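Have the viewer open and follow along.

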Amino acid sequence: MREALRLAREGADAGEVPVGAVVAMAGEIVGRGWNSPVARNDPTAHAEILALREAAERMGNYRLEGATLYCTLEPCAMCAGALVAARVARLVFGARDLRFGGVRSKFQIADSDLLNHRVEVVENVLAVECVELLREFFEKRR
């Protein structure tokens with residue numbers, strides 16, 4: 001989670017909303033990402049999506065069975081769906097996203113009984129640091 005926070009800070013330095021994500025398998029980070037939809041002109045360039053893409057490419061498989069994704073902010077509905085599609089085993093996130101959260105706050109996509117795969121969800125890991133980073137970012141923009 002500390003690496004995800006570091007990546008979120010990189011995103012903030014680039015003017016993006018500070019969200020960072022890493023994918024780990026067998027104790028090794030295999031994918032990294034920070035929010036960059038503005039820089040990439042890509043609405044899907046969320047931290048989680050970029051980390052999943054890098055991990056899938058590195059592993060040579062779109063299924064990331066046994067993987068854990070660490071993210072500073074609760075994934076949106078799009079990213080939660082991608083976690084299910086990639087067969088990620090576990091999601092660990094810091095802060096809830098009360099406006100767009102697709103895992104707990106607005107929807108419960110990642111571990112829904114309606115889908116063919118359920119992701120184990122752990123929340124509030126380093127939540128204070130994650131919330132503070134977001135608060136500082138938006139405070140500076142006002």
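How many of the six residues of strand β1 (residues 20–25) are buried? Six of the six are, so β1 is largely enclosed by the rest of the structure. Buried here means under 20% relative accessible area, exposed means over 50%, and partly exposed is in between (1.4 Å probe, protein chains only). Strands are DSSP runs of E with at least two residues, helices are runs of H or I with at least four, and both are numbered from the N terminus. A quick note on the source: this is a predicted model, where local features need pLDDT of at least 70 and side-chain atom pairs count only at pLDDT 80 or more, while totals for chains, interfaces and linings use all residues. Residues are numbered from 1 along each chain as its sequence is written, and side-chain values use heavy atoms, with hydrogens and water left out.

Back to β1, which is covered on both faces. Gly20, Val22 and Ala24 are buried on one side, and Ala21, Val23 and Met25 are buried on the other. As for partners (two strands pair if DSSP finds at least two bridges between them), β1 runs antiparallel to β2 (residues 28–34) over six bridges, with Ala24 opposite Ile29. The hairpin of β1 and β2 has two residues between the strands, and Ala26 there takes a positive phi near 55 degrees. β1 also pairs with β3 in the antiparallel sense, this time over four bridges, and Val22 sits opposite Tyr70 of β3.

## The nonpolar core

In soluble globular proteins, nonpolar side chains tend to be buried together. The largest nonpolar core in this model has 35 residues. A core of this kind is a set of buried Ala, Val, Leu, Ile, Met, Phe, Trp, Tyr and Cys residues joined through side-chain atoms within 4.5 Å. Val23, Leu52, Leu64, Leu69 and Leu91 have the most contacts inside this core. At least two core residues come from each of α1 (2–13), β1, α3, β3, α4, β4 and α5.

Take Leu64: setting aside residues up to four places away in sequence, Leu64 touches Met25, Leu52, Ala55, Ala56, Met59, Ala86, Arg87, Val88 and Ala89. Contact means heavy atoms within 4.5 Å.

Ala67 is in the loop between α3 and β3, and at 0% relative accessibility Ala67 counts as buried. Beyond its neighbours within four places in sequence, Ala67 is in contact with Val23, Ala24, Met25, Val88, Ala89 and Arg90. The C-alpha atoms of Ala67 and Val88 are 5.2 Å apart, although the two residues are 21 places apart along the chain.

Helix α4 (residues 77–85) has Cys79, Ala80, Ala82, Leu83 and Val84 as its buried residues. What do the buried residues of α4 pack against? They pack against α3 (47–59), β3 (68–73) and β4 (90–95). Just after α4, Arg87 takes a positive phi of about 60 degrees.

## Two helices side by side

α1 and α5 pack at an angle of about 5 degrees, with their axes 11 Å apart. Axes are lines fitted to C-alpha atoms, for helices over the stretch in contact, and angles run from 0 to 180 degrees between N-to-C directions. α1 and α5 are therefore roughly parallel to each other; angles under 35 degrees count as roughly parallel, over 145 as roughly antiparallel, 65 to 115 as roughly perpendicular and the rest as oblique. In this pairing, Arg2, Leu5, Ala8, Arg9 and Ala12 of α1 meet Glu129, Cys130, Leu133 and Phe137 of α5.

## Salt bridges

The whole structure holds 13 salt bridges, each a side-chain nitrogen of Lys or Arg within 4 Å of a carboxyl oxygen of Asp or Glu. One of them joins Glu120 and Arg90 at 3.7 Å, N to O. Glu120 lies in strand β5 (residues 120–122) and Arg90 in β4, so this pair ties together parts that are 30 residues apart in sequence. Arg96 and Glu123 also meet, at 2.7 Å, N to O. Arg96 is in the loop between β4 and β5, and Glu123 is 27 residues away in the loop between β5 and α5 (127–141).

Finally, Glu3, Arg6, Glu10 and Arg32 are linked in a network of salt bridges.
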